[in-house]
Amino acid sequence: MAAEAKTRTSTSDPELACPISPVVDIVFSRWTTPILWALHTYGRQRFVELERRIAKITPKVLTQRLRQLERDGLVVRTYHPEVPPRVEYEISALGRSLAPLFAHLAEWASDNLERVEESRQAYDAE
């Protein structure tokens with residue numbers, strides 16, 4: 001009985017039922033992947049550079065996401081106390097460790113997104 005209750009409890013909690021759920025919450029929020037991609041691809045950047053590279057992101061949202069990514073350890077913020085002050089952002093080693101995951105996802109997208117679109121169209125036609 002105790003083992004059965006434990007199984008029911010662990011599967012009723014989504015994070016226990018799916019151990020990657022916290023990772024998905026961290027990495028795949030709306031603007032996280034474009035920010036990490038830009039920092040990984042172009043290296044250290046100032047806020048304005050990131051804002052230009054990521055179309056349609058507002059300064060408020062970019063600020064919020066950068067703070068969260070810094071808090072999560074995926075981005076490093078460097079403040080330079082000069083006049084005028086300068087702040088730069090770069091992807092951390094922890095953030096770079098996500099590169100193989102993104103590479104696999106890019107490969108999956110290349111191999112399967114056309115099939116997903118076909119499936120959507122067939123579904124919508126019904």
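**Fold, sheet and surface of a predicted model**

Residues are numbered from 1 along each chain as its sequence is written, and side-chain values use heavy atoms, with hydrogens and water left out.

Read from the N terminus, the order of elements is α-α-α-α-β-α-α-β-β-α-α. Of the 126 residues, 21% come out as buried, where buried is under 20% relative accessible area, exposed is over 50% and partly exposed is in between (1.4 Å probe, protein chains only). The accessible surface is about 9,300 Å², and 56% of that belongs to carbon and sulfur atoms; the areas come from the Shrake-Rupley method with a 1.4 Å probe, and for residues only the protein chains shown count as cover. As for contacts (heavy atoms within 4.5 Å), 44% of those between residues at least 6 apart in sequence join residues at least 24 apart.

Now for the sheet. The 3 strands form an open sheet in the order E1-E3-E2, with antiparallel pairing; two strands pair if DSSP finds at least two bridges between them. Strand E1 (45-46) and strand E2 (75-80) are at the edges with a single partner strand each, so one side of each has no neighbour in the sheet. In general, strands of a sheet pair through backbone hydrogen bonds, parallel or antiparallel. Here, E2 and strand E3 (residues 86-91) run antiparallel and are joined by 6 bridges, whereas E1 and E3 pair in the antiparallel sense over 2 bridges. Glu 88 in E3 is the bridge partner of Arg 46 and also of Thr 78, while Tyr 89 in E3 is the bridge partner of Arg 77.

A hairpin of 5 residues links E2 to E3. Pro 84 sits in the loop between these two strands, and the peptide bond from Val 83 to Pro 84 is cis, with omega near -10°. Another backbone detail turns up at Lys 56, in the loop between helix H5 (47-53) and helix H6 (59-72): phi is near 75°, a positive value in a residue other than glycine. Lys 56 is exposed, at 79% relative accessible area.

Helix H4 (32-42) lies across E1, E2 and E3 and runs at about 95° to E3, with axes fitted as lines to C-alpha atoms (for helices, over the stretch in contact) and angles running from 0 to 180 degrees between N-to-C directions. Thr 33 belongs to H4 and is partly exposed, with a relative accessible area of 25%. Leaving aside neighbours within four places in sequence, Thr 33 touches Val 27, Phe 28 and Phe 102. Thr 33 and Phe 102 are 69 residues apart in sequence, yet their C-alpha atoms are 8.8 Å apart in space.

Phe 28, in the loop between H3 and H4, is partly exposed at 36% relative accessibility. Together with Ile 20, Val 23, Val 24, Leu 101 and Leu 105, Phe 28 makes a nonpolar surface patch of about 460 Å². Helix H3 (21-27) and helix H8 (99-125) are the elements giving two or more residues to the patch. Patch residues have over 30% relative accessible area and no salt bridge, with like charges joined within 9 Å and nonpolar side chains (Val, Leu, Ile, Met, Phe, Trp, Tyr) within 5 Å; a salt bridge is a side-chain nitrogen of Lys or Arg within 4 Å of a carboxyl oxygen of Asp or Glu.

Note on methods
Predicted model: local features only at pLDDT ≥ 70, side-chain atom pairs only at ≥ 80, totals over all residues. Helix = DSSP H or I, 4+ residues; strand = E, 2+ residues; numbered from the N terminus.
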